[in-house]
Amino acid sequence: MNRRSFLKNIICMGAGAAFLPGLWPQKQAEAAWNTARDGVRQDSKLGVPIRETDLQFRSLENRTTTDGIVIHHIGGTNRDVSAEEVHQWHLNNGWSGIGYHFLIRKDGTIERGRPMDMLGAHCYQHNWHTIGVNVVGNFMEAVPTSAQMKSAARLLAALCRFYGITPDRNHIKGHREYNSTDCPGRSLYNMLDGLVADAAELY
Ligand SMILES: [Zn+2]
């Protein structure tokens, strides 16, 4: 490389730096992440950080029995949807509001859906005795993030402790084990044994 083309490259690099994709967008991404973390508080019953949502439900019924947890995915889209967005979908279905009790976002943030002592709307014929946890994504195509799997294990362990549920595969099931559905997607379903083992270790 002669001096002239060397200088030319330096100048191009200099010009490029001004428009370098990633510098400013990364800051924006951080800001968005911090915004998404707003409202995260340690839940006094469960002892895990949960992003509180301010969802208004049409009507809710108490759940008197809790002896199981059902794992779901969003399906349909692999977008990092929020509890607020799913709440709106389920209201549009004519339901009382979001049917899941918890959502686990791609960055591992646990979000509050339906209050955990209320009857959910997530698993036909099994809402009366179960908590619904949705790991956000479409796991027929994608795989959960490691942050999601870590948070899921923490949440499952905390729920099992709180409700006195044995953290095993008899009590923690994928939606497809109860109903005819792909949910929670192939990859998450295949990771369920490991997830429950991780939860049992934290328990
Ligand atoms: Zn499901």
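1. The coordinating atoms are ND1 of His-72, ND1 of His-175 and SG of Cys-183, at 2.0 to 2.3 Å. Donors here are N, O and S atoms within 2.8 Å of the metal (3.2 Å for Na, K and Ca), and sites may look incomplete because water is not among the atoms. His-72 and His-175 are both buried, where buried means under 20% relative accessible area, exposed over 50% and partly exposed in between, with a 1.4 Å probe and protein chains only.

2. On the basis of the note: this is a predicted model, in which local features need pLDDT of at least 70 and side-chain atom pairs count only at pLDDT 80 or more, while totals for chains, interfaces and linings use all residues. Residues are numbered from 1 along each chain as its sequence is written, and side-chain values use heavy atoms, with hydrogens and water left out.

3. Overall make-up. The protein has six helices and seven strands, in the order α-α-β-β-β-α-β-β-β-α-β-α-α along the sequence. Helices (H or I, at least four residues) and strands (E, at least two) are DSSP runs, numbered from the N terminus. Of the 203 residues, 44% are buried. The accessible surface is about 11,000 Å², and carbon and sulfur atoms account for 53% of that surface; areas come from the Shrake-Rupley method with a 1.4 Å probe, and for residues only the protein chains shown count as cover. Among contacts between residues at least 6 apart in sequence, 70% join residues at least 24 apart, a contact being heavy atoms within 4.5 Å.

4. Helix H4. Its 18 residues (146-163) should span 26 Å at 1.5 Å a residue, and the end C-alpha atoms are 26 Å apart, which agrees. The expected span is 1.5 Å times one less than the number of residues. Buried residues of H4 include Gln-148, Met-149, Ser-151, Leu-155, Leu-156 and Leu-159. Gly-164 follows H4 and has a positive phi, near 65°.

5. Nonpolar cores. A nonpolar core is a set of buried Ala, Val, Leu, Ile, Met, Phe, Trp, Tyr and Cys residues joined through side-chain atoms within 4.5 Å. The largest has 29 residues, of which Leu-46, Ile-69, Ile-71, Phe-102, Val-133, Leu-155 and Leu-159 touch the most other members. Two or more residues each come from S3, strand S4 (102-104), strand S6 (130-135), H4 and helix H6 (192-202). H4 gives the largest share, eight residues. Leaving aside neighbours within four places in sequence, Leu-159 is in contact with Leu-46, Ile-69, Phe-102, Met-116, Ile-131, Val-133 and Ile-165. Another core, of ten residues, lies apart from the largest one and has Phe-57, Val-81, Tyr-100 and Val-136 among its members.

6. Val-86. This residue is in helix H3 (residues 83-92) and is buried, with a relative accessible area of 0%. Not counting residues up to four places away in sequence, Val-86 touches Ile-74, Val-81, Ile-98, Tyr-100 and Leu-103. Val-86 and Ile-74 are twelve residues apart in sequence, and 8.9 Å apart from C-alpha to C-alpha.

7. Backbone points to check. Most residues other than glycine have a negative phi, and most peptide bonds are trans. Gln-125, in the loop between strand S5 (110-112) and S6, has a positive phi near 70°. Gln-125 counts as exposed, at 56% relative accessibility. The peptide bond joining Cys-183 and Pro-184 is cis, with omega about 10°; Pro-184 is in the loop between S7 and H5.

8. Asn-179. The loop between S7 and H5 also holds Asn-179, which counts as buried at 14% relative accessibility. Leaving aside neighbours within four places in sequence, Asn-179 is in contact with Cys-123 and Tyr-124. Asn-179 and His-126 are 53 residues apart along the chain, with their C-alpha atoms separated by 9.3 Å.

9. Aromatic rings. One aromatic pair is found in a search of the whole structure. The ring centres of Phe-162 and Tyr-163 are 4.9 Å apart and the planes are at 90°, so the pair is edge-to-face. Rings of Phe, Tyr and Trp (its six-membered ring) pair if their centres lie within 6.5 Å; planes under 30 degrees apart count as stacked, over 60 as edge-to-face and the rest as tilted. Phe-162 counts as partly exposed, at 36% relative accessibility.
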